[in-house]
Every structure is written in C-alpha cells, then in structure tokens.
There are 2 protein chains.
Amino acid sequence: LSVNNAMTADFLRSAYGGESMAHMRYLIWGDVAEKEGLPNIGKLFKAISYAEWAHAKNHFRELSEQKGDFTVAAGAVFGNTKTVENLQGAINGELHEINQMYPVYLETARFQKERGAEKSFHWALEAEKIHAKLFQEAQDAAKSGQDYQINSVHVCPFCGHTILNEAPDKCPICGAPKDKYKSF
Amino acid sequence: LSVNNAMTADFLRSAYGGESMAHMRYLIWGDVAEKEGLPNIGKLFKAISYAEWAHAKNHFRELSEQKGDFTVAAGAVFGNTKTVENLQGAINGELHEINQMYPVYLETARFQKERGAEKSFHWALEAEKIHAKLFQEAQDAAKSGQDYQINSVHVCPFCGHTILNEAPDKCPICGAPKDKYKSF
Ligand SMILES: [Fe+2]
Ligand SMILES: [Fe+2]
Ligand SMILES: [Fe+2]
Ligand SMILES: [Fe+2]
Ligand SMILES: [Fe+2]
Ligand SMILES: [Fe+2]
C-alpha cells in the first residue's frame, strides 16, 4: 500500500475525487427518482452509489502513505432535474470513465509498475462498464414512462461489481464469495 | 435555485467536491476507528460524514441549472493510518474550511448577491465550527488511550448541525424541528 510515482499518486487522488462526487450525486439522484415515483431506479442509484464508495475506498487506501492536504482536480457531472436527464448525466459520467479516464490511469499504473493502483483502477473500470449498461436500461424504461423492472441489485463491497436480481457464487471481477455482496 | 455568477458557481462546485471527499473519508476513517476498538469515535465519524452529505446536497441543488461536465478543483486531506492521526487530518480539514474556504466563499456569494449560495455556505460554515471542536475532543480522548465518552450524535439533515447526546427542540442554524434530526 504505497505509491512511488507522483503521476500515479495524482491519478489516484483524481479518481478518489471523481468517485466521491459520483457516490454523492447518485445518492442525491436516487432520492429524486424515489420522489418521482420510480423506486427501482432509486434503488439502482443507491446500489451504484455504494459501488462508487468501494472504488473511492480502494483508491484512498492505496494513498495511505501520501498524507497531507492536496488540491484535487477531478471530473464531475452536475445538473439536478428529472430522472431521465439525471440518468443521462450518469451515463455520460460512466462513459467518460470507461472510455477515457480509467484506461489512461490503468495504462499509467502499468507503465509505472504500481501494482496496487493497477488493481484499484482495473476493478473500477470493469464495474463502470456494467454501470453504464444498467443506467442505459433504466433510462430506456424511464423514457417510456415506466420504472426499471428489477427485483434487487447486488454489489461487491471490494471491487464494486454490480449485478441485478442475484449475486453470483463468486465475484467475476475480484473473486469475493457470494455472501459478501451487499443487497439493495 | 439558479446561480447567475460564474465565480459563485465555481465555488459551489469546489465546495461540493470538498464536501463529497470529506463525506467519503469520514466513512473510511469511521471504519478504521471501529476496527481499532473505538466505536464512539467511529460513530462520530459516521455522523459527521452524514452532515457533509447535507452540505454537498445543498451545494449541488444550488447548481441544478448549471448542467454538464466540469473539472472540479477541491481541497482534500489524505492519509489512512491510526485514528489519532486520522482525527488530526479531520481537524486540519475542518479548520481550513472554517478559517479560509467558507469565509471567502460566503463573502463572494454576498458580494455577488447569490442568496441561495450564501445560505448554503453559511449553513456549512456554522456546522464545520462544531465539527472541529468535536473532532478535537475525540482526539484528546484517543490520545489518552480512550474512546470518546458520548452516548449518541444527532445531525440536522438540512444544514448539518451536529450535537451530542440529544437533538435540540429547534435547529440553531436552520430552524428545523427536533424530529427531523438523524441519530447515530
Ligand atoms: Fe466508480
Ligand atoms: Fe460507476
Ligand atoms: Fe468483487
Ligand atoms: Fe461540510
Ligand atoms: Fe465538517
Ligand atoms: Fe439545521
């Protein structure tokens, strides 16, 4: 749990900032969805907020030895209106992480041989791919005036893997067993 | 709920980033305190994390109309070790907000006649003053090898007002009634 390279440390801090802000806005947008009469989309937001907590926690832990105050530059999506629009913001944020941010951070961690950061970025990237799909499905439902037709959402507390209706026997990203998943 | 001035909007985004990261690190440090056998300090971290959620939510709501992707620059404290040291990080972060960040943001909102942002910054500033004191008391206890001697912590979900042992009849910062407080 120690980072030797300044660029990887910067990217971990930036990713921590981005994940912390995503965690927060999904909590807020989850409340909006509930008030709009879309409890399952609310549940999806809360579950994915928890997955972003797992990502933030992992990045923060890799920075355990880099103590002190820093100014963090991180991407965030703003806007707080109707759920269909909030979901578009969520999709845009996830796609930026999937297509731009995490691939570059991951490549840098590999290039600088930062194994802990590499794992933390890899886990987040894999989970974000699922988040983008789930938010897209939820938006398709909301656009046709319906709630998202799901029973439950299950999230791996170690890597943020997110899956509908039932947890797998073993997390496909980090290998954690089924009974560790948190259910929403 | 609409901001007309770019500087106030920038400061709201920065404050949202800072509060989101504070919310997150207090969750993480709360888990550390619990594992260290300091459940009341863990409880304090979780309660104050909830207060930072209230601040982030208020700032985010003021930015409802400023939709889109932004790069946010925001202050954050890093380091993840023993609770005595984590509490020092928490105190440093709160004192920066109390002595530097929120006074300047508040002055700017007044100068630019942004009434919504003024209220959001004012509420956060008043709550942070209490947070710094509580973290200092908790650290004094931890330094002498003890847990913080408290029963419960109560937080106003509107302004983040934080108080030990019992909620007041009326929130001294925002006026919310006692039954709205969230208890930890
Ligand atoms: Fe994430
Ligand atoms: Fe995500
Ligand atoms: Fe996992
Ligand atoms: Fe705060
Ligand atoms: Fe605070
Ligand atoms: Fe209040």
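In chain A, three strands make an open sheet, ordered E3-E2-E4, with antiparallel pairing. Strand E3 (162-164) and strand E4 (182-183) of chain A stand at the edges. Each has a single partner strand, so one side of each is left without a neighbour in the sheet. The model is predicted.

How many bridges join strand E2 of chain A to E4(A)? Two bridges join strand E2 (residues 153-155) to E4(A), and these strands run antiparallel. Within this pairing, A:His154 stands opposite A:Ser183 in E4(A). Helix H2 (residues 39-62) of chain A lies across E2, E3 and E4 of chain A. Helix H2 runs at about 5° to E2(A).

| Iron ion | Donors (atom) | Distance | Angles among donor atoms |
|---|---|---|---|
| Ligand 3 | A:Cys156 (SG), A:Cys159 (SG), A:Cys171 (SG), A:Cys174 (SG) | 2.3 Å | 96 to 118° |
| Ligand 6 | B:Cys156 (SG), B:Cys159 (SG), B:Cys171 (SG), B:Cys174 (SG) | 2.3 Å | 96 to 120° |

Why is the arrangement around the iron ion (ligand 6) tetrahedral? Its four donor atoms subtend angles of 96 to 120°. Four donors count as tetrahedral if all angles lie between 85 and 135 degrees, so the arrangement around ligand 6 is tetrahedral. The site of the iron ion (ligand 3) is tetrahedral too, with angles of 96 to 118°. Ideal angles for four tetrahedral donors are 109.5 degrees.

The spacing along the chain can be read as a pattern.

B:Cys174 has 24%, which means B:Cys174 is partly exposed. In chain A, both A:Cys156 and A:Cys159 are buried.

One loop residue deserves a look in each chain. Most residues other than glycine have a negative phi. A:Lys113 is not a glycine, yet has a positive phi of about 55°. A:Lys113 lies in the loop between helix H3 (83-111) and helix H4 (115-143) of chain A. Its relative accessibility is 60%, so A:Lys113 counts as exposed.

In chain B, B:Lys113 also has a positive phi of about 55°, although B:Lys113 is not a glycine. B:Lys113 sits in the loop between helix H3 (83-111) and helix H4 (115-143) of chain B. With 61% relative accessibility, B:Lys113 counts as exposed.

Terms used:
Residues numbered from 1 in each chain as written. Chains lettered and ligands numbered in written order. Predicted model: local features only at pLDDT ≥ 70, side-chain atom pairs only at ≥ 80, totals over all residues. Heavy atoms only, no water. Donors = N, O, S within 2.8 Å, 3.2 Å for Na, K, Ca; no water. Tetrahedral: all angles 85-135°; square planar, octahedral: opposite > 155°, others 65-115°. Buried < 20%, exposed > 50% of the residue type's maximum accessible area, 1.4 Å probe, protein only. Pairing = 2+ DSSP bridges. Helix = DSSP H or I, 4+ residues; strand = E, 2+ residues; numbered from the N terminus. Contact = heavy atoms within 4.5 Å. Axes fitted to C-alpha atoms, helices over the stretch in contact; angles between N-to-C directions.
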